[in-house]
Structures are given as structure tokens and as C-alpha cells.
2 protein chains.
Amino acid sequence: MRVVSKIDEVRSIIEDAKKNNLLIGFVPTMGFLHKGHLSLVAESKKHTQFQVMSIFVNKIQFNNMNDYNTYPRDLENDFDLAEKNGVDLIFLPDDDEMYGNHLTTVHLDRLTDNLCGACRPGHFDGVFTVVSKLFNIIQPHVAVFGQKDIQQAVSIQKMVYDLNFPVKIIMGPIIREDSGLAMSSRNKHLSREKREDALVIYKGLKRAEQLLLNGERDSKIIINEIEKIILKGRPDKIDYISAVRFSDLSFLDTIGEKAVIAVAAFFGDTRLIDNMVIEYERGRIKCVF
Amino acid sequence: MRVVSKIDEVRSIIEDAKKNNLLIGFVPTMGFLHKGHLSLVAESKKHTQFQVMSIFVNKIQFNNMNDYNTYPRDLENDFDLAEKNGVDLIFLPDDDEMYGNHLTTVHLDRLTDNLCGACRPGHFDGVFTVVSKLFNIIQPHVAVFGQKDIQQAVSIQKMVYDLNFPVKIIMGPIIREDSGLAMSSRNKHLSREKREDALVIYKGLKRAEQLLLNGERDSKIIINEIEKIILKGRPDKIDYISAVRFSDLSFLDTIGEKAVIAVAAFFGDTRLIDNMVIEYERGRIKCVF
């Protein structure tokens, strides 16, 4: 596994891999890797033969500088995990390599109006901008994004379609701890007690699944039930509990098509997000956690 | 020469050309070709072996729908000129192929604040967005933009740098009629009288060159002189006469570095732009028209 910090180096290594007819897979990360990231690499390996991972804590997507400054970092462990999981190349640029006197922004309307887009002003512009840069630097055939950041995954798919990036986007599943807590680098910030409290998010989503399987389709009723359960964990703030269309992330009063129920809540200073995708298999509802 | 309208077709043809180790040159146009466009193709041929031209009147870069609706079109003549000048592939998409339910915008700060950016709200977002799409569709090695649209050429260079597009940008010269009038598709709209009147733009720039060669460096004095000459042509409106830095297109009080003097003015309903670049050769000023 190679680790490089310069754009020109990345390009030259990937050019060589392409000359050897290898398909390039790409997993962008902000480091502090956990099983969620590694599952994305595993997914990428199903489709491609040369695995690139970027590790870059992208300042411009943080709307909260405290969140940026305390974002967990452990490069040594990241390199170890990446190598053991078949990553061929890590791109580890610094701020200057990525944003020397940067003036360009990529923006997406509508799909970023709700959910995290509403709570984190500027966040998605930062995401689209860095992902556009990384796609142009790495020029992968396939890039994998996790379902946990569902608004990111869906809206990047749309950006790629709109701007015609020659990259296939795949969404990887949410990886959970045994307790049900969705894995996240930010979980490191949770005290033992808050980590216990935060399980109400998953429990709330599981309750929503039960309601859906019992025939409930009214978003308001389902959301109220989730809220009741989440409040039991005494969250410091609930950013949203929302039911939205999968296609364009617009709000949904009645669940009757492919949909997402998504939650964001603070436990202590730590903002956690989670969701489930509601699909239909032979007419029957199926919730994908 | 082939003419195709579908993105998939373009990609497959260019993939084949790349497999044959041809470098891909690209000249984006809105059609109604004149010698200016053809000079960009000639420039592209110096660097590459397979010439792609897009012809697409990009609605989202027009801030004035009358300008869009009356933009001159003559595809038959375009195909004829393109073929005779060595274009290998014309990409001729329709609106739907380019913008089905489009939500993504590419935006550049600062470099678009002055000149045409100030007069044509939304124009450059439309330009950056379509150029990003075309770069991703065509994936050229080299793309050529004309000096006539200097703000476009300079700011696309910056967008390419910021977003790391793997494309080399070259700026081609302004091509002029014998009278000095800069060639433009919109010149077709000029009556014989207005076309005569409009020569004051070039005359104004030539006067500025004279002042500079005589040692004048004060932008205000030079601009006033240009304005006096342009007013003799009874323009219907002067959008701007500005001296800006070449590097970032910010206003310049004293000409003392690489700079641009740019003009936009209406003659009748037709908005004309022109400019000269001020360079230094062994310490001596040189104006490039």
C-alpha cells in the first residue's frame, strides 16, 4: 500500500494502474476508520481491482469549527486497517494541496433542502466540491458511499448524473455495533453513558419498522412514535426525524414509494445520524437498516 | 466527421480514439461558426490529434431570453466549416440530453464579480456548469477558449485548477474582420450602419495602446480616453470599460502588471465585447488584441 499526499503523484500511480487495465475503485473518507469504511472498501473490491482511499478532513464541509477541530484522527491505525483490508493507495493531501486560494463551489438544489442540509448550512456545498475535486484527481471507475450518510449518497448520485462525471456510484450498507448503534467516527466522542442513551435512535427506527409492517403508512404517526422512543434517551437536541422520498429526499406524508426515515440527534455534543430505507419486495415492505 | 447528439455515443467514439493513443482536443461552441472558432480548432490541432467540437446554445448561461431566442443558428454551414477545418466529431446535444431535471451548479467567486459577470447575473454559473458537463462527457486532454471572451477564458482556467479537471486550457487569439471588429456570432444582428459605428470599440482600444506605449499608466485616464472614442459611435449603452488584473480580474488603478482592458457595449440590441491583454516583453509594454 502506498500513501501519497500530492495530486501529481496520485495521478501518475493511477495512470499506471489503468495502463495495466485495472478498474479503479474509490472510497473517500475523513479517516479514523471503522468497519463502516472498511465495508465500503470490500464493496468496491467486488467491482474493481485497484482500491484508492482518500483521507482528508474536509474543512469546508464543516459548519461547526469545534466539530472540525475535534474530529478524531488516528492515521497510524488508519494505515494499518486500510492495508489489511486491501487498499492499494491512500491519498492524504493537506489543506494547501486541496484548497490553495480556492474559489469554486459545486452546489445542488432541492435534494439538500431537508435533513442535514437544513441543519448544516454550507455542508453539502463543501461535500460536492471536495468530491468533484477527488473524482477529477483520482478518476475512479467506481466510488462507494455509505447509506449512513444517506443524503450525501443520494445527492452525490444526482450531482454525478447532472455533471456527467464518468463514475459509477454504489451505496454501501450501514454497519452497526452489536448494540445497533450505527458506526461513526464521531462515536468516539460519546461517554459510556451517552453511548447507551443513543441506542434509542436505532430502537426508534426498529419501532418504525414494526409499525410499517403492521400497515401504518402515516408519516406523522410513525415519526411521533420514533420521537417518543428517542426522547427516552434524553437527547440534548433532536435535529430532525423525517420521512422523505428516496428519489429526491422531499418530505413524504404517506409512505407509499421507496422512502427513507432519517434521524439526527445530539447526545452530549455529539451529533449522530441514522436512517432506514423503505423498499418493496413483491408488494411487501422491507426496511433496510 | 461524425455528428452525434447522445452522450453515450460521444463517450464511445472518444474511448476508441483514446485506445488509438490519440490526444483529444476540444472546442466548445454555441455554433454559427466564424473564423474565430476555426482558429481555436487550428490551435487545438497543434496539441492534439482528434478534434471534438460541441455545438450547444446553452440556455442557462443566457440572462436575457430574447438574446437566447434570437441567437443565430446555421447548422448546415457549421458542419461544412467544421469538416473543412479538420473537426473529427461534433457533439450536438439537445436541451433534454444536457439538462433533464438538472439541479447542480458550478460557481466561481471573485473572478466573476466584475466585467460581464456584473452585467449578466447567472451567466457564468451557466458557463461553468455546462463546461464541467462537457469536460466530463468528452474528457479532452486540451480545450481551447478564445481571448475574446477573456473573463470566460481566465475564470475557466481557475475553475479547472480549483476542481482539478485533468484538462489543459489554452487561450486562442481574437480574430478580427479587416475593419478591426472582433468576430462574434452576434455580429450577424448588426445593421450595416451599427456595424460601422461599432468600430469605435477597436479604435478605443488602439488609442489605449497608444497611450500605454507613450507611458500612461493611470487606468482612469486611459478609460476616459476609450470612452470618448466609443461615444463617437453613439452606442445604445456602455456596459463597462474596465482595466483589470489578468490574474484575478480585479480592478486596477495603475497598469503595472499583466492586465486586461475590456469593453462591453450595445449597438442597437446587440451587445459586443472586446479586449486587449497588456503584457511585458523585456520590460516594454505589448498589447495583444
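Two strands count as paired if DSSP finds at least two bridges between them. The model shown in these views is predicted.

**View 1. Strand E5 of chain A pairs with E5(B) across the two chains.** The strand of chain A spans residues 104–108, runs antiparallel to E5(B) and is joined to E5(B) by five bridges. Within this pairing, Thr105(B) of E5(B) lies opposite His107(A).

**View 2. The contact between chains A and B draws 23 residues from each of them.** On the side of chain B that touches chain A, two or more residues come from each of strand E5 (104–108), helix H7 (123–138) and helix H8 (150–163) of chain B. E5(B) gives the largest share of that side, five residues. Sorted by class, the side of chain B that touches chain A holds ten nonpolar, eight polar and five charged residues.

**View 3. An open antiparallel sheet of four strands in chain B has the order E8-E9-E10-E11.** Strands E8 (237–245) and E11 (284–288) of chain B are the edge strands, each pairing on one side only. From one strand to the next, the twist averages 15°. Nine bridges link E9 (residues 259–267) and E10 (residues 270–281) of chain B in the antiparallel sense. Ile261(B) has Met276(B) in E10(B) as its bridge partner.

Methods:
Residues numbered from 1 in each chain as written. Chains lettered and ligands numbered in written order. Predicted model: local features only at pLDDT ≥ 70, side-chain atom pairs only at ≥ 80, totals over all residues. Axes fitted to C-alpha atoms, helices over the stretch in contact; angles between N-to-C directions. Contact = placed C-beta atoms within 7 Å. Nonpolar A, V, L, I, M, F, W, Y, C, P; charged D, E, K, R; others polar.
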